[in-house]
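Q: Could you walk me through the side-chain contacts in this one? I have the sequence and the model open.

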Amino acid sequence: VKSWADAFGGELYSIVTKYSGSLLLQKKYKDVEPTLKIKEVDGLELVKKFSEQMESMLRRKVEAVERLVEAAEDADLNHEYNSSLEFDYYNSVLINEKDENDNYVELGDEFILEPNEHFNNLLVNTTYSDIQLPTNVYNKDPDILNGIYMSEALNPIFVDNFERDPTLTWQYFGSATGFFRLYPGIKWLPDENGVISFDCRNRGWYIQAATSPKDIVIIVDVSGSMKGLRMTIAKHTIITILDTLGENDFVNIIAYNDYVHFIEPCFKGILVQADRDNREHFKQLVDELQAKGVGTVNKALTESFKILREVREGAGQGGLCNQAIMLITDGAVEDYEAVFEKYNWPDRKVRVFTYLIGREVTFAPNVKWIACNNKGYYTQISTLADVQENVMEYLHVLSRPMVINHDHDIIWTEAYMDSALFASQAQSLLLMTTVAMPVFSKKNETRSHGILLGVVGSDVPLRELLKLAPRYKLGVHGYAFLNTNNGYILSHPDLRPLYKEGKKLKPKPNYNSVDLSEVEWEDQDEILRTAMINGETGYLSMDVKVPVDKGKRVLFLTNDYFFTDISGTPFSLGVVLSRGHGEYILLGNTSVEEGLHDLLQPDLSLANEWIYCITDIDPDHRKLSQLEAVIRFLTGEEPDLECDEELVQEVLFDAVVTAPMEAYWTTLALNMSMETEAGVEMAFLGTRAGLMRSALYVGSEKISNR
C-alpha cells in the first residue's frame, strides 16, 4: 500500500507542477528579488490612517446634515403659521397617478423618475424630494401642510449636498407631525392591504435623535378592575413604550396588585439595557399578565424611586441623563403625595408620566395631579387606536431641556438594513448606519416651550466606509471590522445577517445586535472587546481558527489585532493582520510601458470587486470594468479617473513577473497528447494584487466544471 501511495503521490505531484508551471513562477519571482523593496507593515499606523480617513468621510456626512438642520430651522423661523393654507405637494404614494378622465389626481402630479445606479437602480428623482405620510395621518391637515410648505426650503440643500459629496445616499427630514420628506424622491408603494405603515417617528434614528439616553421604570396596574379591554390597551401601551427604547436606554417593568412584583424576577431591583433581546423578553412576559386583586400603587412607586436613585447615585450605570416612571392604571384613589415628597421633591429628578386607561374619569384628577406635580405628562387612552399618538408625547417632554438649550446632538445608529424604506421593492439589502440630528423651533415666543420640529438624517452604507480599508493592504486572511460602543458589530466578515426562508433571503431578528464576542470568540477574557468599547488604541495578538471554503476546512493562525476609535463617532475600527501573510508588503518598480504591454494580454483579469479605480461616482465611468479603468488611467485616456496608485503599481509588477507563464502554458497545450494525459483542463494563477491569469488545455466545451 505504501508503494502505491508513493507512486500515486509522485505522479500527482509531477503532473501538477508540470501543468501549473509553479516552479517557473517561483524562479521568475526569484529573478526580480534584487530589485524589490520589502516593507514591514505597521499595523497601528495602518489602523490610525484608516480611522482618520473614515472620520473625515463621516465628518462630511455630518456637515451635510448640519446644513439641512440650519436650513430647516431658518425656514421655520421665517414661516408664519396659516391655518387655511392651500398648497399642492408631491405625495410619494400619489405621484404619477391618474383618475378615470386621464387627469393627474390631487397631490399626484407628474414626477419624473429615472433609474440610478447610486441608489441601487431604484427609480428616483435627484432634483426633488417628495413626501410620505402614514395612512393614519390626514394628508391635508393644516399642521402637515404648513410643515411641508416650510420644509420645501430643504430641496436646494439636498441637491447641493449631493453635488458636494457624491457618496451621500438618502437624505431626509422626519417631522414631528408625521410626514417624511425623502431625497431623492421615489414612488412609494403601499403594502398588500393598501396600508402605509411606515411612520418616521417610530424609527430608531428619529427616537434617538429626539431624546437623550433614559432610565425608565414602567409600572402597570394588574388589579381586578383592569380586566378585559383595559388590560389589552395597557399591554399595547407597554409594548409601544418598549419600542421607543434602544441600546442606550435602561428599563424595568413592575406589575402591582395587592403586592409588587417585577415581571422578570431575575431583574428584581435593577435596570437592564433596553437592547432587542431584553425588549422581546419583556414583551412576552407582558403578554402573559393577568388582572386580579386590589391595586396599591404606593409600594410600586416607592420601589421604582429606589431603583432609579440607586442607578443615579451608583457608579455610572444607567443612561445618566433622563429618568422617568411610566404609570399605567385605570385610576388612583389618592394622590400619594407622601411618596413623592419623600423620594422626588424638591429636585424632581424623576419625571412621572401617567396613562389613564379606559373611559372612566372618576379618578382622573388624581392621576393628572401625579403627572403635573412631577414634571410629567398626563394622557387618557380609551381605545387601542389612541396608544401610538399618546405614547409619542412623552418623547417631546423628555426632549424639552435639549430643545430649550438647543443641544444639537449628533446621533449615529446601530447598523441596520434599509429594507424598511423600500419594503415594496426587492432590495439588495445593504447594511447602513444613519447620522441624525434634531431640528428645533427658534421662534422667540415658543422657545421656552421647547418645540421639536423633527429630525434630519442621512444614511451611510457601511461598505463605503470599508472601502477606506482596502483588502490588499491587509494581506491574505487580513480584514477590517467596525463595532459600536455598545459592543455590537457594525461590520465584520463573519457577520451573517441574512438567512434563507424558502427562496427569499431575510434578515435574522437580531442581526443588528450581534456582539463582538460572538464572532471574535477566541477573545475569552473580553480584552479586545472591552478596549474597543472604551475607544482605546492598542494591539493584541491571538491564536485563532479560521474557516475557509465555506466552513469545510479550518486553518490555525496567529492574528495580530490593531484597534482605535473613530473620533466624533461611537464607533471603533479594528484591523487584523495574519502572521506569515500580512506582515510584509512587496514594492516592485515597473515602468508603465513595460507593464501596460503585459496587462493587455487576453487571458488576464482583475478582481472586479476590488477598487483599483473609483468608477461608481462619475456616470461616464460606471460602465468600465476595473481592468478597463486601470488601462485608461495608465494610458491617460481618462485623466479624471481617480485610482489607487500603490495598488496599480503592484498590479503592473505582477503583470510583468507573471507574463512568461502564458507562453509556458501555450507551449504545453500545443504539445499535449490527449490519450496519455487526459484530465488536465486548466491552469490559473492569482496574485496578491488581485491579478488573475488562466489558460485552457482543452476546448471550452469539454470543461467538466463549468
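Q: What do the side chains of Lys98 and Asp102 do?
A: The side chains of Lys98 and Asp102 meet in a salt bridge, at 3.9 Å from N to O, where a salt bridge is a side-chain nitrogen of Lys or Arg within 4 Å of a carboxyl oxygen of Asp or Glu. This is a predicted model, in which local features need pLDDT of at least 70 and side-chain atom pairs count only at pLDDT 80 or more, while totals for chains, interfaces and linings use all residues. Residues are numbered from 1 along each chain as its sequence is written, and side-chain values use heavy atoms, with hydrogens and water left out.

Q: Does Lys98 count as buried, partly exposed or exposed, and what about Asp102?
A: Lys98 counts as partly exposed, at 41% relative accessibility, and Asp102 counts as exposed, at 52%; buried means under 20% relative accessible area, exposed over 50% and partly exposed in between, with a 1.4 Å probe and protein chains only.

Q: How many salt bridges are there in the whole structure?
A: A search of the whole structure finds 26 salt bridges. One of them joins the side chains of Asp160 and Arg164, at 3.1 Å from N to O.

Q: Where do Asp160 and Arg164 lie?
A: Both lie in helix α5 (residues 154-164), four residues apart, which is about one turn of the helix; helices (H or I, at least four residues) and strands (E, at least two) are DSSP runs, numbered from the N terminus. Asp160 is partly exposed at 28% relative accessibility, whereas Arg164 is exposed, with a relative accessible area of 53%.

Q: And what about Arg632 and Glu638?
A: Their side chains also form a salt bridge, with 3.7 Å from N to O. Arg632 is partly exposed, with a relative accessible area of 29%, and Glu638 counts as buried at 19% relative accessibility.

Q: Switching to cysteines, which ones form a disulfide?
A: The structure holds one disulfide, a disulfide being a pair of cysteine sulfur atoms within 2.5 Å. Cys613 and Cys643 form it, with their sulfur atoms 2.0 Å apart. The pair links distant parts of the chain, 30 residues apart, with Cys613 in the loop between β26 (604-606) and α18 (626-635) and Cys643 in the loop between α18 and α19 (645-671).

Q: Which handedness does the link of Cys613 and Cys643 have?
A: The link is right-handed, with 105° about the S-S bond. Cys613 is buried, with a relative accessible area of 0%, and Cys643 counts as buried at 16% relative accessibility.
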